[in-house]
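Hi,

Here is the structure I promised to pass on. Please open it beside this email, and my notes follow below.

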Amino acid sequence: MTLLTSYFVSKPKRLEQMDDAFLSLTKGKSINNNPVFDLWVFESGTVIYKGISNVEKTGVYKTTVPLETINKIKSLVNHLSPDDVGDAKGRENPLTIIKFNERKMVYQSVRAKGSLFKLNNLLEYIASTINSDD
């Protein structure tokens, strides 16, 4: 029993719990083979990317972004409006889901407007920089 207890006590803790992310983004599938990935953003500047399909890198990758970028993301989140979502049309454009502050927005990125458009572009840019790393 002592051996089992010591194993569990000394087991390394995961660096981040995905539930601790202040924002997450999920890019869904479409009939046009668009990139499918998840992105979690933490207040510390840590970003975790999980490439699923139609991306340069599949699997889980971790990076950091400057705190200025985190502050920009928070500012955009604070200015989101339901009017930013636009109308969803057709299955050729994938659905994107952003979760933050116990809220969820579901939209097609090609129809996003205002702060949601800017936030989506910033998050996709962060994901693309992870994709292009060697």
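Tyr49 is buried, with a relative accessible area of 0%. Bear in mind that this is a predicted model.

Tyr49 takes part in ring pairing. The count comes to 2 aromatic pairs. In one of them, Phe37 and Tyr49 form a tilted pair, 5.6 Å centre to centre with 35° between the planes. This pair links distant parts of the chain: Phe37 lies in strand E2 and Tyr49 in strand E3, 12 residues apart. Both Phe37 and Tyr49 are buried.

Tyr49 also pairs with Tyr61. Their ring centres are 6.4 Å apart and their planes at 45°, so this pair is tilted. Here too distant parts of the chain are linked, with Tyr49 in strand E3 and Tyr61 in strand E4 (residues 59-64), 12 residues apart. Tyr61 counts as partly exposed, because its relative accessibility is 28%.

Another ring to look at is Phe22. The charged end of Lys74 sits over the Phe22 ring, 5.6 Å from its centre.

Now the core. The largest nonpolar core has 28 residues. Those with the most contacts inside it are Leu23, Leu39, Ile73, Ile98, Leu119 and Leu123. Several elements each supply at least two residues of this core, among them strand E1 (23-27), helix H2 (67-78) and helix H3 (114-131). H3 gives the most, with 7 residues.

Beyond its neighbours within four places in sequence, Leu23 is in contact with residues including Leu39, Ile73, Ile98, Leu119 and Leu123.

Best wishes

Conventions:
Residues numbered from 1 in each chain as written. Predicted model: local features only at pLDDT ≥ 70, side-chain atom pairs only at ≥ 80, totals over all residues. Heavy atoms only, no water. Core = buried A, V, L, I, M, F, W, Y, C linked by side-chain atoms within 4.5 Å. Buried < 20%, exposed > 50% of the residue type's maximum accessible area, 1.4 Å probe, protein only. Helix = DSSP H or I, 4+ residues; strand = E, 2+ residues; numbered from the N terminus. Contact = heavy atoms within 4.5 Å. Phe/Tyr/Trp six-rings, centres within 6.5 Å; stacked < 30°, edge-to-face > 60°. Lys NZ or Arg CZ within 6 Å of the ring centre and 35° of its normal.
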